[in-house]
Amino acid sequence: MTLSTLEDTGLTSVRRYAVLVICCASLLISVMDISIVNVALPAIRDGLGASTAGLQWTVDAYTLVLASFLLLAGSTADRFGRRRMFRLGLIVFGIGSLLCSLAPGIGWLIAARAVQAVGGTMLNPVAMAIVVGVFPDRAERARAIGIFGATAGLSLVLGPILGGALVDGLGWRSIFWVNLPIVVLAVIFTSLFVPESRAAHGRRFDPVGQLLVIFVLGGVVSAIIESEKHGWGTPFIVGLLVVAAVSAVALIAYERRRVEPLLELRLFRSVPFSSAVLIALFAYSGFGAFLFVTTLYLQSVRGLSALDAGLSLLPVGLLICVLSPLTGRVVGSHGPRWPLVVAGTALTLGAAASMTIGVSTPLPVILAIFLLFGVFLGTINPPIANSAVSGMPASMTGLAASLASVGRQTGTSLGVAIAGSIVGAKATTDPQAFVHAAHLVWWPIIAMGLVVLALALASTSRRALLTAQAV
C-alpha cells in the first residue's frame, strides 16, 4: 500500500459510508451557499442598499474565489494530506459564514463571502478525492459518486428553499447562521472517521500559475459584471478583457514548461476528461443564469415572498433526489453518454420553454417548466464527476476533481454575470421590462444546452475513449 492510497486499509463498509456522509455534509453547505444567497438578494438589496452589480458580486465573489483557488487546494491536499486540508477548510468556511452574518454593508458582505469561499475551496474537490479513495471498487465508487453528485445538485436547489424560510422568519443574516452547527459537527466527525490520504509524490507550489489563473477568471467575470455600468467599449472593460486574454496565453505557455504545473495540461489530452470540464462550465453557466433570473422574477415581478419563491424550486429538488442516484448507477453500468444526452436536451428545452414566461403566466405552468431544469440537474452531476476522476492516477485524483469543480464554479460565476448584465437595473424597476430582458437571457442558455448535448456525443465515442486510455 503506497501513500497514494489511504493509510487506513481496514475500512469497513459502515465507515466508508460514514465518510461519504461527512463529505456530502461539507458539500451541502459549500454548494448550498452558491444558491442560498440568490433568494435573499431582494432582502440584501433593501437591507444594505445594494445595486444590481453589488448583488452580482455577492454571488460571484464566492464562486469566483472558489474557481480561482480550487486547483491550488486540490494539489495542496494531494501533497499535505486530504483530511488535514478538509478539516482546515471547514474551519475557515465557518469563520467566513460568521463574518457574512455580521456584515454592516455590501462591501463587507462581499469580502466575507470571499473568506467563506477560501474555506470552500478546501471542501468540494478534496471531499471528492476522499470519496474516490475510500471506494476502490469501480461499481461501488460510481454509486458513491452518484450520491455525492446528487448532494451537489440538491444543495443548489435546497439553498433557495431553506434560504426563503430563514429570510422570511429571521432575516437575511440567518442564511449564514445555518452553516455553523454543521461545520462544528463535520470537524468533529472528520477527526473521528475520515482516514488521512495523500499523493505518493507531492506536487510543487506554482505561484505564477496561480496568479495567472486569478487574472484570467477575474478579468472575464469582472468585465461582464461591470459592463452595464461602464459599457463594453470603455477602456476599463477592454483593459479587463485584455488582461484576461494575455494571462490565458501566458498561463498555457508557462504551464507547458513546468515539470509539475498547477494546471496539468496533459490531462486535457483525454477527450472525456476535457469534455467533462467543458460540460461543467457550460451546464453550470446555464444553471447560474437560470437561478439568478428566476429568484428575482418570482419575488420582484410576481411578488412572492422569499419562502414561496424558494418552495417554487421544490420540484427541481425532488427530481434531483430521485434522478441523481439512478444516474450514478447508470453511469457505473453503462457509461456517461445517455445521462449527458438527457441533461443537455433538458437544459435546452427548459430554456426554450422559459421564453414563454410572462408577467402573469400561471404558476403551475412555471413549475412545469422548472421540472425540465430538475431533469437537467438530476442527470448532469454524476457523469461529470465520474468522467473527471475515472482512470486518473491516484496521485492526481484531487487535481482532477479540482479541475471539474473549476468548471462548475467558473460556469456559475459566468452565468450570474451574464444574466445580471442583461437584466441590469430592470431587476428593480419595470416588471414588463424585466421579463423582456429575461427572455434575452434564455437564448445563451439554449446555446449552452446544445453545446452540452454535442459534447456528450463527442466525448463518449470510441475514439474519445481511446484518448483517455492513452493518458
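A crossing of two helices is left-handed if the near helix is turned anticlockwise from the far one by less than a right angle. The model described here is predicted. Two packed helices are described by the angle between their axes and the distance between the axes.

Helix H1 spans residues 13-48. H1 and H8 pack with their axes 10 Å apart, at an angle of about 150°. Angles over 145 degrees count as roughly antiparallel. H1 is therefore roughly antiparallel to H8. The crossing of these two helices is left-handed. On the H1 side, the contact is made by Arg15, Val19, Ile22, Ala25, Ile29, Met32 and Asp33. H8 contributes Asn179, Ile182, Val183, Ala186, Phe189, Thr190, Leu192 and Phe193. By class, the contact of H1 with H8 holds 11 nonpolar, 2 polar and 2 charged residues.

From H3, the contact takes in Arg83, Phe86, Arg87, Leu90, Ile91, Phe93, Gly94, Ser97 and Leu98. From H8 come Asn179, Leu180, Val183, Ala186, Val187, Thr190 and Ser191. The contact of H3 with H8 has 9 nonpolar, 5 polar and 2 charged residues. Asn179, Val183, Ala186 and Thr190 of H8 take part in the contact with H1 and in the contact with H3.

Empty space inside the model was examined next. Rolling a probe the size of a water molecule over the atoms shows where empty space is left. A search of the whole structure finds 4 cavities of 30 Å³ or more. The second largest cavity has a volume of about 100 Å³. Its lining includes Val293, Thr294 and Tyr297. Ser354, Ile357, Ile366 and Phe370 also line this cavity. Val435, Ala438, His439 and Trp442 complete the list.

Three helices each supply at least two residues of this lining: H11 (271-301), H15 (363-389) and H17 (431-459). H17 gives the most, with 4 residues. By class, the lining of the second largest cavity has 8 nonpolar and 3 polar residues. No charged residue is found in this lining.

Technical notes:
Residues numbered from 1 in each chain as written. Predicted model: local features only at pLDDT ≥ 70, side-chain atom pairs only at ≥ 80, totals over all residues. Heavy atoms only, no water. 1 Å grid on protein atoms, 1.4 Å probe; cavity = no way out; pocket = protein on both sides within 12 Å on 5 of 7 lines; lining within 4 Å. Points joined across faces, edges and corners; volume = space filled by probe spheres on them. Nonpolar A, V, L, I, M, F, W, Y, C, P; charged D, E, K, R; others polar. Contact = heavy atoms within 4.5 Å. Axes fitted to C-alpha atoms, helices over the stretch in contact; angles between N-to-C directions. Parallel < 35°, antiparallel > 145°, perpendicular 65-115°, else oblique.
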